Amino acid sequence: MAEESSSSQYLVPPHTVSVNFPPHRPFGKVFKSSVKEALFPDDPFRGFKRRRGQSSTSTSTTSRGRNTTFINALKYFFPIADWASNYSLNLFKYDLLSGITIACLAVPQGISYANLAKLPPVIGLYSSFVPPLVYAIFGSSKDLAVGTVAAASLLSASMLGEKVDVAQDPDLYLHLFYTTTLFIGIFQLALGIFRLGILVDFLSHSTILGFMGGTAILITLQQLKPFFGLKKFTSKTDIISVLHAIFSQTSQWRWESATMGIVILIVLTSTQYLRKKKPSLFWVSAITPMVVVVVTGVIAYLIDGEKHGIQIVGPHKKGLNPISVKYFVFDPKYIWTAIKVGLITGMICLTEGIAIGRVFAGIKNYQTDGNKEMVAFGLMNLVGACTSCYFTTGPFSKTAVNFNAGCKTPMSNVVMSFCLMLVLLFLAPFFQHTPLVALATIIMSAMFGLIKYKQIYNLFKVDKFDFVICMAAMLGVVLISMDMGIIISVGISIIRALLYLARPGIAKLGKISDTVLYRDVEQYPESIDVPNMLVITLGSPIYFANAGYMRERIGRYIDEEIENGDITSGNELQYLVLDLSGVSSIDKTGIEMFKEVHRITTRKDIKLVLTNPQMELTEKFKASKLLDVIGKEWIFLSVAEAVSSCRFMIHESQCEKPTTIG
């Protein structure tokens, strides 16, 4: 009785809602929709449209409506107009404290990273004055603090150093840095204007993690030159050359410099440990680098440090940023190097800055606009290139300090810029006695936090391929060069993406008991095979690159099902149900694949059934006449409806068979 009750539900055809086949959309409409989705996935003008609509209903006069529309447009294109309109003294108290705090970090970091890039230290101070002002106008992050970064500084120095020897021609080297910053700005601005942020996605989290770790190791080792007071060093960046340069000159090591470095390193590490134990004392670790610079500078001045092997920064220029437009280098001999370095470094700076901005925005539950960030970064580097700055982005350390200090708006960048202006106008000469070993230890202490051991180990546990990508970047940077490390890692990432495209997910589905759900039989071993039917789900767009694989994989499933079927018990395969829920698009080769599968199933006396095709598929099925081949009646909204209909047809065919009387 149970079997009879079970089968009686198929005596009537299931009530199904037929698949909708909308009218053919014009090519222009389809193309416009595709371009909009590719370049404007965030629908950037939705907020502006909403405001404009609201203003039109609440405004009685046309002039007021126009004024409101203009204000809304101004707020969209200039984010400062949005947050400044509601700014208050209460907010400024927080931003003032944050700005002063990050300024204390910006001075030693600016000098240190400029030294890392083999540039005059004052260039690092210039780069913390003008770019933050530009970002405050165009940036969408409330927490991002603008400044120079160590990894990009070393990368550019190593790549430009291959073309120009800074010792022989320091002016050309500096001017080439300005030119590189110009191209970085152009590149980032173009990405933002043309909505091409998708290119940044090729730098995966694994690549960035490995690159930053490898770079941190290299930078730390390179700081052993000023740490031990060495005067000669290698221009190469691979670890073998760096270690050879250090240990081949042990006779030149100066214990005075090393002793000062060890003491400073202990102080910096202790304050960082204190910050982790007591987050409320973050300001201690934030101002410590500035205190170190001042105290060691006084000590070096009093004891005449250079006579004791303690190298110092040297004279600083006093005054604000001079205009540097006339120094751009467009000589064909050097311009391609500047463009190449600009593209690579610009991509890294952009990825790092946007990612860091999103992290802190997520903590405060607001969103940053990726394309606005690209425009802001591009403009601040363009303006910076014209005002004696080198490239800037949003470094993690400075942004974390800004966040912990309680910043409320980008005004904290303005405060920092004002503090740097005072330093440049009045205090810059006082930093000329700063020991290089102090700057080296500041960089080293910052680099220790960039080697994310736990995250790398987590990659190994979660995804071995991601771990390989990460280690390729790290080992490539450490053993070969920084640019080759990135290229190798990105290359492996692209190969992985191509493998995903060429070998998409295909799975056999079974029915979960007492439900209408059908799931992968490997993931759910308790699922039940559907009698007389093979249900397969296709999990990706179907293109020329994977159509052949899909056809072969479907054919293999059919052969296995036929071999395992029991013809004597009436359990032979009669229907092939393909679930197209995961197929978002298809090309001509994919269409031909379905026709080939239909021919294969027809020869084997199996009916092909499709479920839940998306709009693009239904349009192309109609245009290619595939619907005429398969039949509209064999396309269903869901797997459950398709299975129910097939069961009904099987039951009907069994009822129609003549009974043999013995």
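Of the contacts in the protein chain with a separation of 6 or more, 81% are accounted for by residues 24 or more positions apart. The model described here is a predicted one, and its protein chain holds 28 helices and six strands. Buried residues make up 50% of the 662 residues in that chain. The points below take the sheet, its crossover, one of its covering helices, the nonpolar cores and the cysteines in turn.

**The sheet as a whole**

- The six strands form an open sheet in the order β2-β1-β3-β4-β5-β6, and the pairing within this sheet is mixed.
- The edges of the sheet are β2 (518–520) and β6, each of which pairs on one side only.
- In general, the strands of a sheet pair through backbone hydrogen bonds, and they do so either in the parallel or in the antiparallel sense.

**Strand β1 and its partners**

- Five of the six residues of β1 are buried, so this strand is largely enclosed by the rest of the structure.
- Strand β1 runs antiparallel to β3 and is joined to it by three bridges, and within this pairing I506 has L538 in β3 as its bridge partner.
- Strand β1 is also joined to β2 by three bridges, again with the two strands running antiparallel, and here L509 stands opposite D520 in β2.
- The hairpin of β1 and β2 has six residues between the strands, and in this hairpin D514 takes a positive phi near 60°.

- Strand β5, which covers residues 607–611, is mostly covered, with four of its five residues buried.
- Strand β4 (residues 575–579) pairs with β5 in the parallel sense over five bridges, and Y575 stands opposite K607 in β5.
- Between β4 and β5 the chain passes through helix α25 (residues 588–603), and the β-α-β crossover made in this way is right-handed.
- Strand β5 is joined by two bridges to strand β6 (residues 635–636), and these two strands run parallel.
- In that pairing L610 stands opposite I635 in β6, while T611 has F636 as its bridge partner in β6.

**Helix α24**

- Helix α24 (residues 547–564) has 18 residues, which at 1.5 Å a residue should span 26 Å, and this agrees with its end C-alpha atoms, which are 26 Å apart.
- The buried residues of α24 are A547, M550, R553, I554, G555, Y557, I558 and E561.
- Among the elements that cover these buried residues of α24 are β1 (506–511), β3 (533–538), β4 and α25.

**Nonpolar cores**

- The largest nonpolar core has 114 residues, and those with the most contacts inside this core are V107, L119, I123, F177, F211, Y390 and L420.
- Helix α10 (residues 170–193) gives the most to this core, contributing twelve residues.
- When its neighbours within four places in sequence are left aside, F211 is in contact with A151, L155, I348, A473, M474, V477, M482 and I486.

**Cysteines**

- The structure holds zero disulfides.
- The cysteine sulfur closest to that of C419 belongs to C104 and lies 7.4 Å away, which is too far for a bond.
- Residue C419 is found in helix α19 (residues 411–427), and, with its neighbours within four places in sequence left aside, C419 is in contact with I100 and A103.
- Although C419 and F129 are 290 residues apart in sequence, their C-alpha atoms are 8.4 Å apart in space.
- Residue C349 has a relative accessible area of 1% and is therefore buried, as the cut-off for that term is under 20%.

Terms used: Residues numbered from 1 in each chain as written. Predicted model: local features only at pLDDT ≥ 70, side-chain atom pairs only at ≥ 80, totals over all residues. Heavy atoms only, no water. Buried < 20%, exposed > 50% of the residue type's maximum accessible area, 1.4 Å probe, protein only. Pairing = 2+ DSSP bridges. Right-handed = clockwise from strand over helix to strand, strands pointing away. Core = buried A, V, L, I, M, F, W, Y, C linked by side-chain atoms within 4.5 Å. Contact = heavy atoms within 4.5 Å. Expected span 1.5 Å × (residues − 1). Disulfide = S-S within 2.5 Å.
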